[in-house]
Structure formats: C-alpha cells, structure tokens
Amino acid sequence: MYKREGMINKTKRKRKEYPLLFTAFFFGIVACFIIIFVFVVLTIKRLPSPENFGNREIQQSTKLFDRTGKTLIYEIHGEEKRTIIPFNEIPAVVKQTTLAAEDDDFYNQPAFDWKSIIRAFWSNLKSGEITQGGSTITQQLVKKTLLSDERTYTRKIKELILAIELESKYSKDDIFYYYLNQIPYGSTAYGIESASQLYFNKPAKNLSLGEAAILASMIKAPSYYSPWGSHKEELFSRRDYILGRMVSLGYIKQEDVDRVKKEKVTFAPPTLGKITAPHFALAVREYLVQKYGESVVTGGGLRVITTLDTKLQEIAEKTVKEGAQRNSELYGGTNASLIAEDPKTGQILALVGSKDYFADAEPKGCTPGVNCTFDGNFNVALQGLRQPGSALKPFVYLTAFSHGFSPKTVLFDVQTEFDTRGIPEYSYRPENFDGKFRGPVFMEQSLAQSLNVPAVKTLYLVGIDSIIKNLNLFGVTTLKDKSRYGLTLTLGGGEVRPIELLKAYSMLSQNGVLHNQSFVLKVETSNGDILEEYKDKSERVFDEQYVKQINTILSSPDLRSPIFQSSLGLTTFDGYDVALKTGTTQDYRDAWAFGYTPNLVVGIWAGNNNNTPMHSQGSSLLAAIPMWNSFLSEALKQFEPSFFEKPEIVSLPEKPMLNGEWRTSFGVHSILHFVDKKNPQGPIPTNPWNDSQYQNWEDAIFAWTKGSGISTTPTQQSGSIYTFSGPIGITYLEPKSGTFTKSPLTIKARIVSPQSELEKVELYANKKLIVSFPIAGNAYVFSYNFSGPLEAQNAFEIKAKNVSGNETAASTIIYKSGN
C-alpha cells in the first residue's frame with residue numbers, strides 16, 4: 001500500500017514537473033480524432049449514392065497511333081454491351097463458379113471481410129505498394145459501378161463505407177444480381193449475358209459448367225485472362241483452380257472436374273472492329289492495362305503514340321501472308337511471323353504474329369500453340385516458345401572469341417562422337433545439314449556456313465554455363481535449365497521467344513550495346529498530361545572487339561557462299577552491309593532467318609504452331625530466306641546505306657590451331673591436344689587425355705586422315721619448331737591410345753622441356769617400372785621396344801624430369817589384340 005501511494009505521489013510530482021508535455025500529448029490525440037472524424041464526414045458527403053447504379057462517368061476511348069502520331073491503328077473503347085437478365089434466369093453454375101472464384105463466404109459475412117483486409121494490408125506494407133485489396137463481392141460491385149480501379153487507401157475507405165451502406169439497403173440476392181449483370185468480363189462485355197454471347201455465342205442459361213468456370217476466371221483480370229490474348233494457358237489454370245474450390249465447397253464432385261478437363265472448348269472468334277497491326281496493337285493494349293488498369297485504358301481517353309512504322313508494317317504483313325501461303329503449298333508450313341526493330345533505340349517498328357489474325361484456326365477447335373497447325377490470333381512473335389536451331393551459334397562463337405579463341409582458330413569438321421555422360425549409349429554424334437564433313441575449318445567458316453560439328457566443339461570448349469549466362473545478359477530469358485540442353489544447345493536444343501532472340505541480335509548490330517525494347521513512345525491523358533514518354537535505356541553488355549568479329553563474319557558473302565550457292569543473291573543487297581544467320585530445327589519443324597544492319601534488325605520464323613514438321617526439306621534456306629529477302633528488299637529503301645565497323649587487327653597466338661595451322665611439328669591433332677579449354681592461350685596441357693572428349697576427338701581425326709590419305713606424322717618446319725610453354729610436354733606418337741595390338745610393340749613419344757634441359761625418363765607398364773635412363777637436351781624422342789606380356793587392357797606411363805626438378809607424367813591405354 002505504501003509502495004502504491006509512493007508511486008502515485010511520484011507520478012503527481014512528474015505531472016507537476018512536466019505539465020506542458022502531458023497537455024500537448026492530450027491535445028494531440030484530440031486533434032487526431034477530430035481530423036479523422038472530419039475526413040470521414042467529408043468523404044461520406046462526397047460519396048455517390050449507392051441507390052443509383054446508373055450514374056456513371058462518361059467513358060472516353062483510348063486511341064493508339066503509329067509513330068508519326070497521325071495514323072490511328074486501334075481504338076480501345078469502354079462501350080458497355082450489357083443485357084440484363086433476371087436473377088432466377090441466371091443458372092446455378094454461373095452463381096456457384098462466381099462465388100468459388102471471388103467470395104465463397106458472400107452469403108455468410110458482412111459487406112467486408114476483416115481477415116482479407118488485414119492480410120492484404122500486411123502484404124502491401126511488405127511490398128511497399130498497394131498490390132492487394134481483399135475485396136468481397138459487395139466491395140467489387142461498388143468499385144466497378146460507383147468508384148474506380150485506382151489503388152489508394154482513400155479509395156479503399158470509400159469502398160468500405162459504400163459497401164456497408166449498400167448492404168443496409170439491399171439483400172444479398174439483390175447485390176449478387178447487380179454484380180452478375182454489371183461487372184466487366186473484358187472487351188465490351190458487361191454482365192454475364194453479354195459475356196456468354198461474346199465468348200461462346202450462346203445465352204447464359206445454356207452455359208456448361210466448364211464455360212461458366214472460364215467466365216468466372218476472367219472476372220479477376222479480364223484483359224489478362226482473355227481467351228483471345230496471350231495468357232490462355234493461365235486462363236485454363238485458373239479455371240481448374242476454381243473447379244477445385246467448387247469441389248471443396250460441395251458444389252460439384254471430382255468426377256465433374258475430370259469430365260470438364262476432357263471437354264473441348266471452342267471460343268467465338270474475336271471482334272475487334274477496325275484495327276491495324278492487330279498483334280502489335282493488342283500487345284500495346286495488354287501493356288497499358290497492366291500498367292494503368294482496365295478502367296483507365298477502356299474509358300480514360302488516353303492518347304498513345306506507339307513505335308509502329310506503318311509502311312514497314314504493311315511490307316511485313318504482305319511478306320508473311322505471301323510467304324506462308326508459298327510454304328503451305330510447298331513444305332506444309334502453314335504459319336509465319338516477322339519482327340523488325342530499330343537496334344539503335346530498341347523500338348519495335350513492325351510485328352506480325354501470324355499470317356492472318358482473323359483467320360480461323362486449323363484444324364477447327366484446336367488449342368493455339370498446342371494442336372493448331374495455324375491459329376490467327378496466336379502471336380508467335382511474343383508467345384511462341386520455339387527451338388532456334390543454328391540461330392544461337394553466333395552467341396556461342398562470340399563467347400569463344402571472348403575466351404581467347406579467334407575467327408582463324410581451326411576446328412576439325414569430321415564425324416565425331418561426343419561423350420555426354422561417360423556412358424557409350426548416351427554419346428552424341430551430330431551431323432551437318434547436308435550430311436557432308438569438310439575437314440579442318442576456321443571458326444569463321446564454321447559460323448558463316450553453319451557447320452554443326454565445329455559448333456558443338458566450340459560449345460564444349462567454352463562451356464554451357466558461359467553461353468547461358470551471356471544469352472541471359474543479351475535478353476534471352478527462357479534458357480535456364482542447362483540439364484535439358486547439354487551440347488545440343490548450340491544446335492537449338494532449348495526454346496526461345498522470337499522477340500527475345502531478336503533483342504540479342506540487336507545487341508550484335510550495336511557492337512555490344514543492348515537497348516531495352518519498347519512498343520510505346522508516349523502516353524497522354526485526355527487533358528494532355530504526359531503519363532510516360534520513351535527514354536532510351538541501354539548498356540554495354542559485351543566487348544565491341546568480339547562483336548565486330550561476329551558482324552564481319554556474318555556480313556561476308558564470301559564466307560557464306562558455300563552454303564547458299566545459287567541462292568547467295570537472296571542474301572546480298574547492293575550498297576548495304578547485311579549480316580545474316582539462319583536456323584533450322586530437327587525434322588524441319590522451325591525455319592529461321594535473322595538479319596541486321598547497323599540501322600535495322602529483322603527476324604523471320606516459319607513453321608506450324610503445333611510443332612509438326614514441314615516436309616520436302618523445308619529448311620531456312622527454302623522457307624525463311626525468301627521472306628527475309630522480300631521484306632528487306634523493300635524495307636532497306638527507307639534507310640541510308642550503312643556499314644559495320646571492322647574489328648582491330650590483332651596478331652594470332654603462336655599455338656597450333658589457334659594460329660590457323662593444323663599441320664604441326666607434332667603431327668595432326670585436335671584442338672584439345674594444344675589448348676586447355678579453361679585457359680586457351682595459356683600453356684599447352686601436359687596431359688590432354690585427361691579431358692573427357694580428348695580421345696573421341698583424336699580418334700575422329702585419325703579416322704578422317706586415314707580415309708583422306710593425309711599423313712599424321714610431324715611436319716618439318718623451317719626455323720625453330722613450336723615448343724611447349726609448360727615445364728615439360730609429353731606427346732605419344734605410337735601406338736595410338738585405344739588401339740588393339742600385341743607384344744612386342746614400340747612405345748614412342750616426343751618429350752619437350754623448353755625452359756631447362758631434360759634429365760631422366762622412365763617407362764611404366766601397368767604401374768610396373770620397365771626402364772629408366774638419363775637423357776639430355778630440351779627435346780627428346782623416346783623410343784622403346786616393349787616385349788613383355790600384355791593384359792586385356794594396358795596402361796603405359798612415361799615420366800620425364802628436367803634439371804630444374806620439374807616432373808611430368810603422361811599415360812596411354814592400349815588393348816591386347818585377339819590375334
């Protein structure tokens with residue numbers, strides 16, 4: 001008791017000591033309550049009346065213009081096509097799917113859900129922006145009919161107040177009735193009846209369970225989930241989620257879900273009104289909706305200047321339509337796509353997603369991108385995930401040049417088996433497009449002529465991780481799981497989006513500078529206020545010297561002529577430097593042509609949407625190059641002639657293969673014999689056979705030289721011969737590793753020690769010392785006649801030591817002959 005009185009007295013003393021502090025605190029709290037009260041009162045006064053759902057703001061259409069700002073290409077309007085139907089005529093499946101999708105506790109809770117609001121508020125705090133709202137059906141009705149889609153806490157407070165007032169005046173059935181007749185379902189459809197007619201050509205009363213679930217899926221984001229847009233897969237995923245919720249709520253059984261998933265869904269064709277460049281325009285529309293919201297775009301009266309060049313777009317549409325028709329007749333390729341970009345800015349100048357946006361799907365009722373050989377509104381340029389074939393090769397060689405290889409590096413284009421897992425049955429043996437092999441070739445020849453074996457070797461030399469890292473850096477985001485591709489990546493083993501691969505080629509055009517792609521130049525409100533305006537965002541992502549080397553190769557008619565032969569004229573344009581790379585995937589499923597100048601980049605794809613192959617060898621040379629030539633022949637007239645900058649002339653390394661020489665003083669060997677792939681210009685590897693691919697590459701070259709009648713013995717060169725830059729190098733001359741032989745046999749090897757004289761050499765057979773003797777000089781040819789017994793498999797090892805104390809060992813494996 002005394003302690004309590006002491007505490008009270010102490011508190012009184014503190015109050016006397018700090019009277020101003022307590023007074024300020026008290027009046028501060030009172031002031032806050034007054035401000036909040038006034039804010040709520042004023043907010044309520046300014047709120048629209050929930051008794052009249054007909055009072056709506058005047059809607060203004062959003063207009064999209066080409067880059068000149070003069071040609072209207074598309075008008076996005078908010079005309080509300082609505083047919084009111086009585087509540088008792090709305091089928092139960094519509095009500096149930098909507099409740100499952102949007103508010104399954106609608107009939108059991110008040111106008112708002114406190115748990116959802118708190119959860120959304122917490123999520124918004126963590127993200128730093130308003131991304132969730134936690135709205136009930138009543139709140140959604142208020143937002144869609146009396147308020148707007150703006151994401152602010154003020155709007156949310158208004159929404160809560162109006163929702164409470166609405167539920168005090170109307171029953172739950174009335175509110176649900178208004179909701180189903182007034183909410184937007186995308187395009188011009190408002191209310192369930194209009195949506196049913198628009199997307200399925202039937203009245204709402206005839207909707208099936210699956211169709212009702214699809215319409216309920218669209219309520220959340222009508223543009224994003226539109227069956228005519230680029231997110232159809234996401235639409236069906238949300239449908240399946242809603243069906244699962246209906247099972248949990250007891251509306252339907254699992255058998256109903258299984259039946260719906262097996263049903264074929266047929267949507268009515270889109271009705272867009274007058275539109276130019278539909279795939280381009282709808283891509284812009286989707287971008288605007290994601291950034292500004294559905295209601296702003298459909299009724300906010302925005303003026304949008306796009307990047308579209310209408311002249312180039314007309315040329316592109318004509319090219320694709322005629323090219324796809326030709327391919328369909330000759331090669332069974334029913335579709336094609338084209339994208340053109342200004343590489344100096346990243347602005348998309350022309351985009352054709354398919355040969356005809358408004359054409360019917362082939363075959364009827366197919367699913368776009370799955371089993372349609374052609375579907376007009378499927379945008380291959382943006383949506384398609386296609387294997388690029390050899391179109392990835394420039395980026396493999398670009399990486400190689402940055403690692404220390406050069407355009408004059410020699411690789412052997414011979415039939416080669418690549419060990420992919422260390423298991424023979426998983427070995428990989430690529431072939432060239434014409435089934436021929438060309439022997440030793442420069443990297444520049446291999447790239448320009450799109451040779452497959454050297455390209456796979458190059459990928460192995462630089463590593464798949466480096467390639468994927470660089471492609472991601474260049475804007476290709478779909479290649480992530482390297483385990484899916486392996487060494488086939490350089491031949492197009494992974495899927496890419498055409499527009500992303502075009503971005504990578506644009507980087508080449510600009511000597512290693514990457515510009516963000518853009519569809520929009522300016523967005524203005526109806527009052528002329530600028531909401532956004534194009535600003536170039538670019539960065540250097542690669543050393544210009546190596547990119548210039550790639551451009552020089554791809555723009556050389558002389559280098560590419562062996563592959564194009566009589567069609568070479570389709571790849572050249574008088575007065576212009578034009579780089580070109582083609583790509584054809586397995587079984588002719590995809591044909592590509594990417595070409596660029598310093599001012600224009602163009603990508604062409606030809607094939608079938610359902611990935612069925614073209615026939616009659618519908619390769620890129622036949623199915624894509626004619627379209628590419630047709631477009632550029634007209635498009636380049638709009639651009640001044642331009643030329644690629646040449647790379648600096650640099651001296652070649654002294655190493656064989658890297659210096660363009662493949663006949664060496666050490667005989668004919670693969671590049672792995674002279675190059676450590678982790679350090680190409682560093683010391684020659686002393687044990688190259690430790691590389692998993694070494695023996696296969698050596699065997700392939702040996703078989704080629706034997707079949708070609710070319711000697712594999714060392715050449716006699718004038719002047720000093722090439723020496724190893726490491727401490728000691730040992731190269732077996734005979735017998736070849738992996739050969740079958742019998743005793744006696746001769747073991748021969750060349751030993752080189754360029755830095756100090758040799759001192760001793762030893763020979764081991766199956767880990768047993770056979771002979772050891774001193775040697776002298778910087779180079780020595782070891783030769784020993786072995787007459788001992790052989791086992792089924794034998795490991796011979798030579799050890800050499802120099803006077804500086806350096807030691808090196810090298811092994812070879814031979815097998816006992818049965819004869």
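1. Two strands are taken to pair if DSSP finds at least two bridges between them. Helices (H or I, at least four residues) and strands (E, at least two) are DSSP runs, numbered from the N terminus. On that basis, β13 and strand β14 (residues 601-607) pair in the antiparallel sense over seven bridges, with tyrosine 596 opposite valine 601 in β14.

2. The model is a predicted one, in which local features need pLDDT of at least 70 and side-chain atom pairs count only at pLDDT 80 or more, while totals for chains, interfaces and linings use all residues. Residues are numbered from 1 along each chain as its sequence is written, and side-chain values use heavy atoms, with hydrogens and water left out.

3. Overall content. The protein has 25 helices and 22 strands. Of its 819 residues, 52% are buried; buried means under 20% relative accessible area, exposed over 50%, and partly exposed in between (1.4 Å probe, protein chains only). Among contacts (heavy atoms within 4.5 Å) with a separation of 6 or more, 69% are between residues 24 or more positions apart. The protein exposes about 38000 Å², of which carbon and sulfur atoms supply 51%; accessible areas come from the Shrake-Rupley method with a 1.4 Å probe, and for residues only the protein chains shown count as cover.

4. Strand β13 (residues 590-596) is mostly covered, with seven of its seven residues buried. Asp590, Trp592, Phe594 and Tyr596 point one way, Ala591, Ala593 and Gly595 point the other way, and all are buried. In a regular strand the side chains alternate between the two faces of the sheet. Strand β12 (residues 579-584) pairs with β13 in the antiparallel sense over six bridges, and alanine 579 stands opposite tyrosine 596. The hairpin formed by β12 and β13 has five residues between the strands, and aspartate 587 in the turn has a positive phi of about 60°.

5. Sheet containing β1. An open sheet of five strands runs in the order β2-β1-β3-β9-β10, with mixed pairing. Its edge strands are β2 (72-76) and β10 (530-533), each of which pairs on one side only. The twist averages 15° from one strand to the next. Helix α12 (residues 278-292) packs on this sheet and touches β1 (62-65), β2, β3 (303-306), β9 and β10. The direction of α12 makes about 45° with that of β2; axes are lines fitted to C-alpha atoms, for helices over the stretch in contact, and angles run from 0 to 180 degrees between N-to-C directions. Strand β9 (residues 520-524) pairs with β10 in the antiparallel sense over three bridges, and the bridge partner of lysine 522 is glutamate 533 in β10.

6. Sheet containing β22. A further open sheet of five strands has the order β16-β22-β21-β18-β19, again with mixed pairing. Here the edge strands are β16 (740-741) and β19, each pairing on one side only. Strand β22 (residues 807-816) and β16 pair in the parallel sense over two bridges, and phenylalanine 740 has tyrosine 815 in β22 as its bridge partner.

7. Helix α19. In α19 (residues 464-473), the residues Ile464, Ile467, Ile468, Asn470 and Leu471 are buried. Seen down the axis of α19, these buried residues fall within an arc of 165°, so they line one face of the helix; the arc is that of the directions from the helix axis to the C-beta atoms. The buried residues of α19 pack against α16 (393-402) and α18 (452-462). Just after α19, glycine 475 takes a positive phi of about 110°.

8. Serine 555. This residue lies in the loop between α21 (544-554) and α22 (557-564) and is buried, with a relative accessible area of 9%. A polar atom of the serine 555 side chain lies 3.5 Å from the backbone oxygen of threonine 552. Leaving aside neighbours within four places in sequence, serine 555 is in contact with Arg560, Val578, Ala579 and Phe644.

9. Isoleucine 775. The loop between β19 (768-774) and β20 (779-786) holds isoleucine 775, which counts as buried at 9% relative accessibility. Leaving aside neighbours within four places in sequence, the contacts of isoleucine 775 are Leu758, Glu759, Lys760, Val761 and Tyr780. The C-alpha atoms of isoleucine 775 and glutamate 757, 18 residues apart along the chain, are separated by 8.8 Å.

Methods. A polar contact is a pair of N or O atoms within 3.5 Å; within protein, one must be able to donate a hydrogen and the other to accept it, and residues adjacent in sequence count only if both atoms are side-chain atoms.
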